[in-house]
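This report covers domain arrangement, helix packing and backbone geometry. The sequence and structure come first.

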There are 2 protein chains.
Amino acid sequence: MTSIQRIIDRLIEPAREFGSTTDVLVKGSATLNVEGIVIAFMLTQEVLEKAISLKANLIITHEGPFYSHQNWKEAYSKDPIFLAKLQLIEEANISIFRFHDYFHRYDPDGIMVGLIRKLEWEKYTEEYQSTATTLTIPKQSVTEIAKYIKDKLGAPFVRVVGDLSMDCQRIGLLAGYRGGGELVIPLFQNQSLDLVIAGEGPEWESPEYVRDAIHQGKKKALILIGHAVSEEPGMEYLKVLIEAGFPHIPVYYIKEKPLFHIL
Amino acid sequence: MTSIQRIIDRLIEPAREFGSTTDVLVKGSATLNVEGIVIAFMLTQEVLEKAISLKANLIITHEGPFYSHQNWKEAYSKDPIFLAKLQLIEEANISIFRFHDYFHRYDPDGIMVGLIRKLEWEKYTEEYQSTATTLTIPKQSVTEIAKYIKDKLGAPFVRVVGDLSMDCQRIGLLAGYRGGGELVIPLFQNQSLDLVIAGEGPEWESPEYVRDAIHQGKKKALILIGHAVSEEPGMEYLKVLIEAGFPHIPVYYIKEKPLFHIL
């Protein structure tokens with residue numbers, strides 16, 4: 001028998017220590033025996049239904065299941081969509097472990113390792129910082145890089161600021177909600193980057209900085225690939241890690257469909 | 001002679017009172033005589049250069065000129081792009097007034113009034129709340145509404161979650177960075193909305209809520225039109241207000257090019 005707590009202990013063990021965390025057993029009991037594990041970037045309604053049909057009794061989700069960085073939000077406690085999802089979780093007696101902060105605090109960041117593996121850019125990495133990774137790639141245009149990323153990550157689109165024909169070599173890569181100015185602007189300067197590739201961030205920060213840089217004649221570009229797109233490969237990689245430690249437990253990674261249509 | 005302070009007083013006067021604000025004279029002197037006014041969603045490098053060539057000596061900007069909700073950010077004080085922009089502002093001896101919080105606190109929100117005017121949806125508005133407006137429009141599909149918005153606002157794209165063929169009548173409209181779950185999720189429920197149209201917000205909040213709602217068989221949709229796209233019409237509308245009060249002063253509204261390419 002392998003308890004949920006044993007899985008959690010194994011997941012947490014490689015992380016650098018730190019204070020408060022969102023990473024708790026959101027639902028369920030740590031003493032239960034694990035029958036099967038479903039891993040997802042986010043426990044959506046569809047992932048939940050698939051987990052039930054796969055007879056998994058533990059779901060590991062990177063983002064909270066209820067549309068907030070916090071796992072529970074009192075303001076949504078009477079919302080019918082929240083309630084229907086919660087009811088199904090409880091009826092299925094399924095346990096949910098939020099695995100966000102600890103995975104980001106692996107050394108290097110587990111989400112980043114998965115992203116770089118998926119991009120097949122391991123050979124180009126220079127430095128893994130705590131919130132970003134720098135790479136030097138063979139010279140390619142912004143358009144070529146955007147197409148490569150879309151292909152490797154299965155993204156239907158990316159949002160780009162900059163001259164699409166500009167050649168890039170020095171890249172900063174940031175997963176998730178790390179596309180804001182506080183991280184991206186110093187990174188551009190301190191690392192002499194041509195291009196930053198990030199998940200998401202406020203539109204009036206890094207994108208407007210890059211727009212101004214270009215207007216000043218400096219060669220910079222930004223590709224926003226989407227939050228889920230940037231973190232899914234990390235959760236897919238987690239499947240490999242868990243299977244290595246617990247080969248007798250069925251482990252499934254479920255990738256959601258793309259979130260947005262572009263019109 | 002019309003001092004900058006007289007313009008500021010007139011701008012602030014209609015706003016409901018409130019505490020702290022970003023809305024200050026970021027650069028310049030309130031006692032100067034106003035020669036010309038440039039209005040923009042955001043004082044970009046290009047807007048700055050155009051303002052100088054138009055011989056305007058007051059720029060009114062909704063977002064801060066330096067890539068942050070705060071007007072000044074110590075962390076960027078040695079950044080070369082920040083410094084080049086600041087140097088040009090100082091050489092041109094141009095004054096900058098940030099006009100964000102007060103305009104949002106007009107009754108109704110001045111940014112929202114401009115957006116609804118630009119969409120020609122005045123006749124459909126039902127209720128102006130402090131952060132959102134509800135409307136009932138003639139029945140149209142999500143695709144039809146998205147195309148209409150793109151056309152009216154000059155947006156090259158919008159991001160959509162939902163069934164594109166779904167008919168919508170009850171709409172919630174939120175400008176700027178008000179697309180987060182805390183505002184959007186209660187609005188959907190309290191106002192029985194089919195569709196929310198917002199500027200921007202975190203991708204794992206409202207978009208994932210709408211994805212789940214659809215999977216549960218509930219008819220909901222979300223259109224994210226972009227932060228600048230949603231607030232530019234409000235700043236364009238401000239031109240009309242200022243011209244009415246100060247007909248002798250040249251007033252220019254400058255619309256930036258679209259921020260993102262979609263690849």
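The sections below describe the conventions, the domains, the helix pairs and the backbone.

## Basis of the values

This is a predicted model, in which local features need pLDDT of at least 70, side-chain atom pairs count only at pLDDT 80 or more, and totals for chains, interfaces and linings use all residues. Residues are numbered from 1 along each chain as its sequence is written, chains are lettered from A and ligands numbered from 1 in the order in which they are written, and side-chain values use heavy atoms, with hydrogens and water left out.

## Domains of chain A

Chain A is assigned domain 1 (4-105) and domain 2 (110-229); such bounds come from an automatic or database domain assignment. Taken over C-alpha atoms, the centres of domain 1 and domain 2 of chain A are separated by 30 Å. Contact (heavy atoms within 4.5 Å) involves 6 residues of domain 1 of chain A and 6 residues of domain 2 of chain A.

The size of an interface is often given as the accessible area lost when the parts come together. Between domain 1 and domain 2 of chain A, about 570 Å² is buried, with 64% of it on carbon and sulfur atoms. Buried area is the accessible area (1.4 Å probe) that two parts lose on being put together, summed over both. On the domain 1 side of chain A, Phe41(A), Phe103(A) and His104(A) lose the most area to domain 2 of chain A, and together they account for 78% of what that side buries.

Two packed helices are described by the angle between their axes and the distance between the axes. Axes are lines fitted to C-alpha atoms, for helices over the stretch in contact, and angles run from 0 to 180 degrees between N-to-C directions. Helices (H or I, at least four residues) and strands (E, at least two) are DSSP runs, numbered from the N terminus.

In chain A, the axes of α7 (residues 181-190) and α8 (residues 206-215) come within 9 Å and cross at roughly 30°. α7(A) and α8(A) are therefore roughly parallel to each other; angles under 35 degrees count as roughly parallel, over 145 as roughly antiparallel, 65 to 115 as roughly perpendicular and the rest as oblique. Gly181(A), Val184(A), Ile185(A), Phe188(A) and Gln189(A) of α7(A) meet Ser206(A), Tyr209(A) and Val210(A) of α8(A). These residues divide into 5 nonpolar, 3 polar and no charged. Here Ala, Val, Leu, Ile, Met, Phe, Trp, Tyr, Cys and Pro count as nonpolar, Asp, Glu, Lys and Arg as charged, and the others, Gly among them, as polar.

In chain B, α7 (residues 181-190) and α8 (residues 206-215) pack at an angle of about 30°, with their axes 9 Å apart. That makes α7(B) roughly parallel to α8(B).

## Helix pair α2 and α3 of chain B

The axes of α2 (residues 45-53) and α3 (residues 80-91) of chain B come within 11 Å and cross at roughly 15°. α2(B) and α3(B) are therefore roughly parallel. Gln45(B), Leu48(B), Glu49(B) and Ile52(B) of α2(B) make the contact with Lys85(B), Leu88(B) and Ile89(B) of α3(B). By class, this contact has 4 nonpolar, 1 polar and 2 charged residues.

## Backbone geometry

Most residues other than glycine have a negative phi, and most peptide bonds are trans. Asn93(A), not a glycine, has a positive phi of about 55°; Asn93(A) is in the loop between α3 (80-92) and β4 (95-98) of chain A.

Asp107(A) and Pro108(A) are joined by a cis peptide bond, with omega about 0°. Pro108(A) lies in the loop between α4 (101-104) and α5 (110-119) of chain A. A cis peptide bond also joins Asp107(B) and Pro108(B), with omega about 0°, and Pro108(B) is in the loop between α4 (101-104) and α5 (110-119) of chain B.
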